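Thanks, everyone. Please bring up the model on your screens, and I'll walk you through two spots.

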Amino acid sequence: MIERIDASRCPACRTIVAPPASYCPHHPVAMEPVSLPGAGEIVSFTTLHSPPTGFKAPLHIALVELEGGARFVCHGAETRGLRIGSPVAIEAVGRVYYFSYLGVVDRARLFWRRAGHAGDRVNAIARSLAKRVWKG
Amino acid sequence: MLDVWVAGAAMTRVGKRTERLQDLMAEAAHGALRAAGVEAPDAIVVAAMNPEEFLGDGNFASNAASHLGFAQAPALRVETATSSGAAAFYAGFGLVAAGLRRAVLVVGGEKMTHLDTPRVSELISRSIDPYERSYGATMPALAGLVTRALMANGVGARELAQVAVKNHANGLQNPQAHFRHAVTLDEVLESRMVADPLRLLHCCPISDGAAAVVLTARRAAVRVAGIGQGSDTLALRHRAALTSFKATQAAAREAFAMAGFGPERVDVAEIHDAFTPFELISLEDTGLVPPGKAGRATLDGETTLHGRLPVNPSGGLKARGHPLAATGLAQIVECVWQVTGRAEGRQTQARVALAHSIGGLATNNWVTLLTAA
Ligand SMILES: [Zn+2]
């Protein structure tokens, strides 16, 4: 199950940020709410060995580019085998977001989900054609 | 716009200091006024990043002015996180350039070493975007993200380490520096991990200190040739690029446009190396080194005291130390000393100097150009 992540989009420049912001960082324009699938690619990651008070060491922090372009900061349980560009899923545990590395099966599922969207679009086009034929 | 001159410059020794911040500021301020031959300034600009929390003192422009013995002088405080010193210099420059004041004292300082490291780190991290901070992001954490991206672009571990080796070697020649010992490449490469792949010896220390300059409309030995400010998003996640800082690029464009010359004229530079990768990034962002070449130039010795372009002759933030709001001014003090032949033991052949200061995680950056008259 892929999480949905709350985000916002600038109506002027289409910039998407997550979590949502009131105004675009680049325009004094109110942003519109959007939601993004919680999956993307690692942009960079680090491990803090002496994290601030309230966090346990080692603290893994990653910057993830979500599908749709917004970049998102989250935690991870580990970084073994992780690379810049690795595909990850984002999951909320409580109110905190974590990334997890996507294996082959997960990626296949994501692929089919996307293919599913494409299928929906084909069905919608077919329905609208059918409607036009019916009215015509 | 009137020409603005640096008539005097001074700074304290940087390091663990037992004096109060006000006394450190007085040492630097009175030194700069003496060097300028100015008895009393027309106005004072004070830089202190966070005296409210480091010291429990507020209303700090008046606090400092009264302590310095200039209670009647108009004083104001400027803050742009870790670049506050450079921002205060800009405010002082503006007052003189506009003809509002004829002699302005600009003084910056910070006192931090009386607090333990986790507390200092927490206070510095207040300048990070609150959401990123809620995930435990500190300055080293964000710098770690930047460093990993930089290394993925081909910058090597030896290139990052060599910046520390060079700046420690320079600090050894600077009596005002916090660190006056050399480090070897292996020591840097084997120092403990702070925020992978960022290691302890890639990071600047926590320091106390103060620095000051006197800016005048009257001609003096050093002219402010150009000054520029650049900004970027508070949140790192709102930026498309991690391995260059737009705020520096904008500041450099503005400063060189004002000066009417380009980076090829710069003889010596003080660069904001809070983390060694930032020196490499900033050399390219300011145009001093072509894109992608800073690591190679560093390994080839181009940026040493005797290289083509000496960078951080003072030792930089890495070895001179980083007393937050003092730093931007300490860089300018070093540049003044370099172009007037007063940098004993580390003197370069320089007539044009560049100072580069980073505020926060490159949200509010400055480039200042100084020339010998
Ligand atoms: Zn926008």
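Start where the chains touch: chain B brings 25 residues to the contact, and chain A brings 27 residues. Keep in mind that this is a predicted model.

How much area is buried between chain B and chain A? About 2,100 Å², with 64% of that from carbon and sulfur atoms. Now look at B:Tyr135, B:Leu145 and B:Arg237. These supply 33% of the area that chain B buries against chain A, more than any other three residues.

Next, the polar side. Between chain B and chain A, the count of salt bridges is zero. Polar contacts are there, though: twelve residue pairs across the interface, both partners at pLDDT 80 or more.

Which elements of chain B do the touching? Helix H6 (130-134), helix H7 (139-152) and strand E5 (193-195) each supply at least two residues to the side of chain B that touches chain A. H7(B) gives the most, with six residues. By class, that side of chain B has twelve nonpolar, six polar and seven charged residues.

Find helix H4 (residues 84-97) and helix H14 (residues 327-339) of chain B. Their axes come within 5 Å and cross at roughly 70°. An angle of 65 to 115 degrees counts as roughly perpendicular, so that is how H4(B) and H14(B) lie to each other.

Who makes the contact? From H4(B), B:Gly85, B:Ala86 and B:Phe89. From H14(B), B:Gly328, B:Leu329 and B:Ile332. By class, this contact has four nonpolar residues, two polar and no charged ones.

Terms used: Residues numbered from 1 in each chain as written. Chains lettered and ligands numbered in written order. Predicted model: local features only at pLDDT ≥ 70, side-chain atom pairs only at ≥ 80, totals over all residues. Heavy atoms only, no water. Contact = heavy atoms within 4.5 Å. Buried area = accessible area lost by both parts, 1.4 Å probe. Salt bridge = Lys/Arg side-chain N within 4 Å of Asp/Glu carboxyl O. Polar contact = N/O pair within 3.5 Å; in protein donor to acceptor, adjacent residues only side chain to side chain. Helix = DSSP H or I, 4+ residues; strand = E, 2+ residues; numbered from the N terminus. Nonpolar A, V, L, I, M, F, W, Y, C, P; charged D, E, K, R; others polar. Axes fitted to C-alpha atoms, helices over the stretch in contact; angles between N-to-C directions. Parallel < 35°, antiparallel > 145°, perpendicular 65-115°, else oblique.
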